[in-house]
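Take a look at the structure shown here. The text below walks through it step by step.

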Amino acid sequence: MNARTRTSSALAVALPALLLVACAGGERLPAAVQGEAPSTSAAPPAQTFTCPADQQEVGDLTPKSYAPDGPLPSPDDLPAGSTMAAIRASGTLRVGVSADTLLFGARNPQTGQIEGFDIDMLKEVAKAIFGADDDTVYDLLDIVVIPYSQRIPKLRSGEVDIVAHTMTINCVRWQQIAFTSEYYTSGQRVLVEATSSYQSIDDLAAAQATVCVPDGSTNQENLARDYPQITAVAVPDISDCLVAMQSGAVQAITGDDTVLAGLQVQDPATKVVGENFSFEPYGLGIAADRVDLVKFVNALLAEMRDDGRWQAIYDDWLAAALGPQSPPAARYGRTEG
Amino acid sequence: MQVFGGTVGRAWRAVATGGDTPTRLRTWMVGSVVVAVLFGVLGAVGVGRRDSALGAGDAASQQLIAVQDVQVRLVHADSIARENYLRGGIEDAAKRATYETELAAVSDGLVAVGNRVLPDDAAMLAAVSAQLTRYSGLIEQARANNRQGFPVGAAYLRTANDLATTMVAGLRDVQSSLRSQVNDNLDGADTAGLWLHLTGWPLLVLLLTGGGWVAFRFRRLLNVPLAVAAGVTLLLLVIGGSMQGSAMSDAENATGSSLQAADLAAQARSAAFEAHAQESSTLIARGSGGLDVAWQASAATAASALARMCIITGDCTLVGTFGSYAEAHDAVRASDDAGDWDGARAASLDGEAAIAFAAFDEASSAAAASLGAEAASAMSSAADGLAVLRVVLFLAGLSVAALVLVGYGQRLREYR
């Protein structure tokens with residue numbers, strides 16, 4: 001092996017080694033950390049319910065409720081073993097409500113309390129069970145704020161005793177829970193800018209306007225079915241509709257008149273226009289197997305219609321926004337089983 | 001030039017024909033001079049490239065830290081906005097002041113970083129900057145409505161929070177780009193280091209072989225200029241290679257330790273503030289426990305980042321501090337789920353959860369600042385000395401070429 005050969009051999013050995021050293025990749029920055037949220041079990045497929053022919057809504061008739069067994073018993077004379085007695089023994093009435101439906105159920109930031117027409121209805125139920133007075137009755141409510149979608153599940157799971165949440169009575173829901181007799185009659189209307197020339201849903205339809213509606217609501221179904229020429233903008237919550245209208249993204253909002261009245265209070269530069277174009281009878285929701293509680297509340301509602309308490313609560317919360325109104329008549333006739 | 005051209009021509013002819021001794025001397029001389037000059041020039045260019053690649057990596061890492069600071073301040077501000085909304089009409093004045101300070105810092109930070117990053121990243125930051133104006137407007141509308149007890153305030157707050165989430169996603173994209181830039185520059189610096197070796201070792205071989213042949217041919221012990229040239233080349237390869245390797249190693253160590261730890265600290269703080277904000281949102285949507293899934297996702301990210309940080313730094317204090325907050329949060333949720341919303345709200349705003357989160361905020365803020373400063377210092381000092389090395393290499397290459405001319409020139413003179 002001559003000198004040239006030795007040199008070549010040395011280079012052949014040294015260069016790859018040097019290249020390896022020079023090219024060896026060191027520490028690099030890894031991608032951002034992404035923690036995994038705990039997996040949630042998939043929701044079971046939605047049950048489908050059909051309305052028996054004898055319980056279909058016809059005209060302005062509401063599905064019937066259970067007739068009271070008699071006059072409202074006094075708080076100290078609740079039937080032994082009844083749901084009411086059990087609630088009284090537990091010390092609180094567990095109620096499911098909305099906290100962002102002004103006038104029906106909304107949190108007062110000054111007092112921290114949730115207040116409105118629905119809440120006053122529940123206070124009356126608590127007074128009837130516990131015999132409490134106005135000053136102490138709020139503390140007897142174990143309030144659970146629930147979204148629209150949780151109204152029926154919370155009742156069926158037993159997490160709440162009663163739901164007051166602008167809930168329309170219909171026979172599909174009757175297959176899942178029980179309702180008291182109707183405590184308020186609402187209907188779908190529209191909210192527009194105070195300076196708007198639109199006077200009804202028909203005007204908006206003629207102009208092929210853009211209208212905001214809560215996603216998944218009966219309001220959305222009504223709009224799509226009866227006014228297909230309107231461009232519907234669906235948002236998660238009715239309050240999001242007000243944000244959309246204030247930012248100019250939509251020309252009107254449609255929803256129950258009660259809810260629209262709450263929006264109008266929040267934005268005086270708006271107005272509720274037109275006639276109701278749907279019929280939305282509100283009922284208090286109770287678990288299907290608590291028929292005694294339904295009858296008890298129905299007896300209470302009957303008293304409130306007669307003695308002016310319903311009217312006083314209505315006047316306190318809704319008369320200014322929605323004008324004078326009388327309590328809706330109760331319709332009984334449902335039987336157990 | 002003509003003389004040099006003639007010499008090269010004779011040299012090539014000598015290579016082709018075997019040639020006589022003067023011609024072979026000239027061949028070795030020309031070959032060695034060319035390689036020596038290449039060694040000086042390419043070595044200097046290679047070191048310069050490694051220097052500038054490390055500098056660019058350092059700049060990208062500084063920008064990464066700056067963008068992360070912007071993101072942490074944004075989610076902090078959003079967390080305060082939700083917390084103050086939960087307080088209702090009476091806000092915490094100190095927190096409100098912090099919110100305003102953080103938002104101003106976000107605005108300034110976006111402009112400052114936007115001027116230093118690549119155009120694509122700058123465009124993304126400009127988009128975030130535009131969204132920031134809308135975000136603060138939405139928060140003000142949420143506040144105004146909340147003070148009047150109007151539930152639409154919560155809708156404005158949700159819209160603002162969604163916008164903040166979009167902004168954070170934009171900032172994360174920029175960070176991802178900057179992480180790639182740091183890594184790409186380190187890869188570039190790695191490759192540039194080869195140039196010194198690819199020219200230096202062949203030169204050394206040429207000098208040693210040529211010097212050996214001259215000594216053997218002329219029966220001398222040593223050709224001093226060629227020996228000195230070989231010594232200088234070896235010295236440069238050892239010292240230059242060592243300095244280059246050290247710079248690379250320092251940069252990689254800084255990336256793998258302090259920069260990565262600072263990166264994780266910022267990610268952990270951002271995720272923790274997001275979790276804290278979700279806690280407020282869940283309570284604002286009172287009883288809507290389903291929103292806690294978002295808290296759990298953010299908390300999982302924070303915990304994961306802190307666990308990695310603990311492995312890198314060996315300091316696991318923050319893992320425990322965040323764990324304490326997570327336990328306090330569970331108690332908040334338990335109270336709310338049990339119907340004690342007032343108790344849950346009090347615990348979140350001023351009770352156990354608030355105290356635990358404040359402790360985490362304070363400790364993680366100090367850790368993030370310290371790690372950020374350490375990373376900045378380590379990255380910027382990694383390339384120290386390479387600028388000088390570049391000049392030395394260039395001059396040394398020319399010196400070696402001169403020594404080669406002198407060394408072979410001594411022997412060539414014997415044939416005149």
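Predicted model: local features only at pLDDT ≥ 70, side-chain atom pairs only at ≥ 80, totals over all residues.

Begin with the contact between the chains. Chain B brings 50 residues to it, and chain A brings 44 residues. Together the two chains bury about 3900 Å². Carbon and sulfur atoms account for 60% of that area.

Which charged partners link the two sides? Side chains of opposite charge can pair when their charged atoms come close. Across this interface there is one salt bridge. It joins Arg158(B) to Asp240(A), with 3.0 Å from N to O.

Now look at how chain B builds its side of the contact. Several helices of chain B each supply at least two residues to the side that touches chain A. Among them are helix H2 (21-87), helix H4 (119-147) and helix H7 (224-284). Helix H5 (152-192) is also on that list. H5(B) gives the largest share, 11 residues. Sorted by class, the side of chain B that touches chain A holds 22 nonpolar, 18 polar and 10 charged residues.

Turn next to a sheet in chain A. Three strands form an open sheet in the order S2-S3-S4, with antiparallel pairing. Strand S2 (100-101) and strand S4 (114-115) stand at the edges. Each has a single partner strand, so one side of each is left without a neighbour in the sheet. S2(A) pairs with strand S3 (residues 105-107) of chain A over two bridges, in the antiparallel sense. Within this sheet, Asp100(A) stands opposite Ala106(A) in S3(A).

The last stop is a set of side-chain pairs. Over all chains, the whole structure has 19 aromatic pairs. One of these pairs is Tyr66(A) with Trp174(A), an edge-to-face pair. Their centres are 5.8 Å apart, and 85 degrees lie between the planes. Why does this pair tie together separate parts of the sequence? Tyr66(A) lies in the loop between helix H1 (3-23) and helix H2 (83-90) of chain A, while Trp174(A) lies in helix H5 (residues 171-174) of chain A, so the pair ties together parts that are 108 residues apart in sequence.

Asp69(A) sits in the loop between H1 and H2 of chain A. Lys295(A) belongs to helix H10 (residues 291-307) of chain A. This pair links distant parts of the chain, 226 residues apart.

How values were computed
Residues numbered from 1 in each chain as written. Chains lettered and ligands numbered in written order. Heavy atoms only, no water. Contact = heavy atoms within 4.5 Å. Buried area = accessible area lost by both parts, 1.4 Å probe. Salt bridge = Lys/Arg side-chain N within 4 Å of Asp/Glu carboxyl O. Helix = DSSP H or I, 4+ residues; strand = E, 2+ residues; numbered from the N terminus. Nonpolar A, V, L, I, M, F, W, Y, C, P; charged D, E, K, R; others polar. Pairing = 2+ DSSP bridges. Phe/Tyr/Trp six-rings, centres within 6.5 Å; stacked < 30°, edge-to-face > 60°.
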